[in-house]
Amino acid sequence: MTFIDSHCHLDHEQFAADLEAVLTRATEAGVTRILCIGTGDGPPELDRAIRLAERHDQIVATVGVHPHEANKATPQTYTDLRTLGNHPKVVALGEIGLDYHYDYSPRDTQRQVFIEQLKIAQELNLPITIHTREAWDDTMSVLKDHWSGPGILHCFTGDAAQAQQAIDQGFHLAYGGVLTFKTAEKVREAARITPDDRILIETDAPFLAPIPFRGKRNEPSMMLETLKKLAEVRGTTPERIAELTTANFERLCLDPDLSRGLPPPIQTRYTDISHGN
């Protein structure tokens with residue numbers, strides 16, 4: 001059984017000391033690809049995920065400006081995004097969107113930068129990965145008015161009605177460790193109604209580790225617990241969820257890029273992960 005982590009922050013400082021060990025554990029767990037999100041600490045540095053992807057066949061990358069750092073964006077930022085978006089290992093633009101929980105950047109600025117990046121993704125023919133927190137209605141409104149392509153709502157924590165709205169707008173929904181939390185029944189209901197061809201899994205590592213690792217640093221190998229929970233919620237097997245989510249990610253993010261010379265996925269044998277890791 002092999003599967004793909006569709007959203008991970010391997011460039012985070014929490015991985016600086018043991019990234020190689022983290023990648024080894026991921027491979028042993030069956031993780032063949034990891035999408036490293038290329039927002040980092042915001043502009044002007046936008047290529048940290050690309051640098052990791054250049055060194056590791058297992059990793060592919062995004063580029064983008066997170067809503068937290070929207071106030072750092074300049075005209076040069078958009079020029080850089082257009083250039084970096086053509087890198088052979090960049091398979092999506094993101095994570096982009098709106099975050100009204102922290103309001104680290106003014107909301108008007110967040111919306112402006114979000115819209116500009118949607119234009120760039122459209123120009124580059126890249127799917128997008130969306131961050132939305134306490135900004136659902138505005139996020140969906142911007143997407144309805146300014147986006148006509150595919151994408152991922154990462155770390156989906158909405159209810160079934162919001163899931164259906166996103167599905168109707170053509171999006172994939174990525175479920176992470178929150179799916180395993182005792183208080184996340186509405187998320188599990190959303191996961192139950194998500195079509196087979198729109199479902200993904202992710203870690204958002206180093207954040208949001210699934211039970212039984214909650215409170216620890218998350219990493220790709222721990223995604224196995226999310227995969228098992230998703231199988232339970234949907235009344236199927238982990239192997240089936242692994243198959244579906246891998247095929248969905250490859251179709252969404254990798255197929256258009258095969259001509260760019262991406263290496264084949266790492267082939268591994270399934271290895272269970274003990275809770276002592």
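## The sheet

Strand β1 runs parallel to β2 (residues 31-36), and four bridges join the two. Strands, here and below, are DSSP runs of E with at least two residues, and helices are runs of H or I with at least four, numbered from the N terminus. Within this pairing, Phe3 has Val31 of β2 as its bridge partner. Two strands count as paired if DSSP finds at least two bridges between them.

## Basis of the model

This is a predicted model: local features need pLDDT of at least 70, side-chain atom pairs count only at pLDDT 80 or more, and totals for chains, interfaces and linings use all residues. Residues are numbered from 1 along each chain as its sequence is written, and side-chain values use heavy atoms, with hydrogens and water left out.

## Helix α3

Helix α3 spans residues 75-84, and Thr77, Tyr78, Leu81 and Leu84 are buried in it (under 20% relative accessible area, with exposed over 50% and partly exposed in between; 1.4 Å probe, protein chains only). These residues lie on the same side of α3, because they cover an arc of only 130 degrees around the axis, taken from the directions from the helix axis to the C-beta atoms.

The face turned away from the buried side carries exposed Pro75 and Thr83. Cover for the buried residues includes α2 (48-55), β3 (59-63), β4 (90-99) and α4 (107-124).

Technical notes. Contact = heavy atoms within 4.5 Å.
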